[in-house]
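Please look over the model shown below before reading on.

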Amino acid sequence: MIKPSVLLTRRWPKVVEQKLAEDYNVVLNRNDRPLSEADFREAIAKFDAVLPTVTDKIGAEAMNVPKAQTKILANYGVGFSHIDVNAAAKHGIAITNTPDVLSDCTADLAMTLMLMVARRAGDGEREVRAGAWSGWRPTHLIGTKVSGKTLGIVGFGRIGQQMARRAHHGFGMEIVVFNRSKVDPKILAQFNARQVDTIEDLLPQSDFVSLHCPGGAENRHMINSARLDLMKLDAFLINTARGEVVNEHALAQSLMFDTIGGAALDVFDAEPRINPMLAQCDNLVMLPHLGSATKEAREAMGFRVVDNLNDFFKGSAPRDRVA
Ligand code: DGY
């Protein structure tokens, strides 16, 4: 039997690349260079499956090829706002993602960012490395206590819930939730959390606001200047979701004029390019999209793609089909 042809758009953990090569005719991206729209058009005309990830913008043009060979875009990652879902449907291309397996690690990273920005860990690290530390003193790099504060969580899916677990059970934080649909009261009860009806309700009562909603057109610039103005003057914004959810110009202005206490970002609107206004803000911690970047999560994400592909090519429904 001829093995389906599969293109990996980036380097993946070695064990997963090896596993894929056993069952499929795999083409690897050995240089790990991001593909262009023209590369995608060529790939979609040629491969049975394309395995993209967050760095791959696959819009309508990329899929608009005279004879698409690709039947499935098996995405490596939980977010898939980089893929035009309507265009995929039009061409009969299925889309799968990799939920669950990165929830712990992404929530861990959101906690890392929250602690870093509150406790000025970025400032401290830079000072030590620059040889500029003059020694302990009572007024040095004073931050904000995290334990016992109120955390507002926007988007209460798997990752938002893991964030709540850590913050409530580990740090005694009070949890307030905004989520588009009603959250099961039994789930809220696990974290003694309260659901509010609007983001406008959540922002003024939160000492920390952590974003865990999907990206995409619907949530683009959900955090804008009007909403930033609703945050407490000493509150912090954490984003491990998608860069487009935050209007970075508005955020930079809030940080520059100290209308919020600070922010910590793992994701950016035009990543890897950083808005130059953000780069000027001191009360900001920035990481290079590390949410799921652990050996455990990245391998598990890869094996989840393998499961989705195996199901698809066996003719059964992949469990992570999202479109
Ligand atoms: C995802 O899975 O969507 C992440 O952003 C990449 O880890």
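The text below describes the ligand site, then the salt bridges, and then selected helices and loops.

This is a predicted model, in which local features need pLDDT of at least 70 and side-chain atom pairs count only at pLDDT 80 or more, whereas totals for chains, interfaces and linings use all residues. Residues are numbered from 1 along each chain as its sequence is written, and side-chain values use heavy atoms, with hydrogens and water left out.

**The ligand site**

The residues surrounding the ligand are Gly77, Val78, Gly79, Leu102, Arg242, His289 and Ser292, where a residue is taken as near if one of its heavy atoms lies within 4 Å of the molecule. This shell divides into two nonpolar, four polar and one charged residue; in this scheme Ala, Val, Leu, Ile, Met, Phe, Trp, Tyr, Cys and Pro count as nonpolar, Asp, Glu, Lys and Arg as charged, and the others, Gly among them, as polar.

Polar contacts are pairs of N or O atoms within 3.5 Å; within protein, one atom must be able to donate a hydrogen and the other to accept it, and residues adjacent in sequence count only if both atoms are side-chain atoms. Oxygen atoms of the ligand take part in the pairs listed here.

| Residue | Atom on the protein side | Distance to a ligand oxygen |
|---|---|---|
| Gly79 | polar backbone atom | 2.8 Å |
| His289 | polar side-chain atom | 2.7 Å |
| Ser292 | N or O atom in the side chain | 2.5 Å |

Taken alone, the ligand exposes 230 Å², of which the protein buries 89%; accessible areas come from the Shrake-Rupley method with a 1.4 Å probe, and for residues only the protein chains shown count as cover.

**Salt bridges**

Side chains of opposite charge can pair when their charged atoms come close. Here a salt bridge is a side-chain nitrogen of Lys or Arg within 4 Å of a carboxyl oxygen of Asp or Glu, and by this rule the count comes to 22.

One of them joins Asp23 and Lys19, with an N to O distance of 3.7 Å. Both residues belong to helix α1 (residues 14-23), where they are four residues apart, about one turn of the helix; helices (H or I, at least four residues) and strands (E, at least two) are DSSP runs, numbered from the N terminus. An α-helix has 3.6 residues a turn, so residues three or four places apart point the same way. Asp23 is partly exposed at 32% relative accessibility, and Lys19 is likewise partly exposed, with a relative accessible area of 28%; buried means under 20% relative accessible area, exposed over 50%, and partly exposed in between (1.4 Å probe, protein chains only).

Another salt bridge brings together Asp100 and Arg304, at 3.1 Å from N to O. Asp100 lies in the loop between β5 (94-96) and α5 (103-118) and Arg304 in helix α13 (residues 295-314), so the pair ties together parts that are 204 residues apart in sequence. Asp100 is partly exposed, at 39%, whereas Arg304 counts as buried, at 8% relative accessibility.

In the pair of Glu218 and Arg180, the closest N and O atoms are 2.4 Å apart.

In helix α11 (residues 248-256), the buried residues are Glu248, Ala250, Leu251, Ala252, Ser254 and Leu255. These residues pack against α10, β10 (236-239), β11 (262-265), α12 (276-279) and β12 (284-286). At the start of α11, a side-chain oxygen of Asn247 reaches to within 3.0 Å of the backbone nitrogen of His249. Cys281, in the loop between α12 and β12, is buried, with a relative accessible area of 8%. Leaving aside its neighbours within four places in sequence, Cys281 is in contact (heavy atoms within 4.5 Å) with Ala252, Leu255 and Met256.

His140 lies in the loop between α6 (121-129) and β6 (150-154) and is buried, at 18%. A polar contact of 2.8 Å joins the side chains of His140 and Glu127, and Glu127 is itself among the buried residues of α6, together with Gly122 and Gly124.
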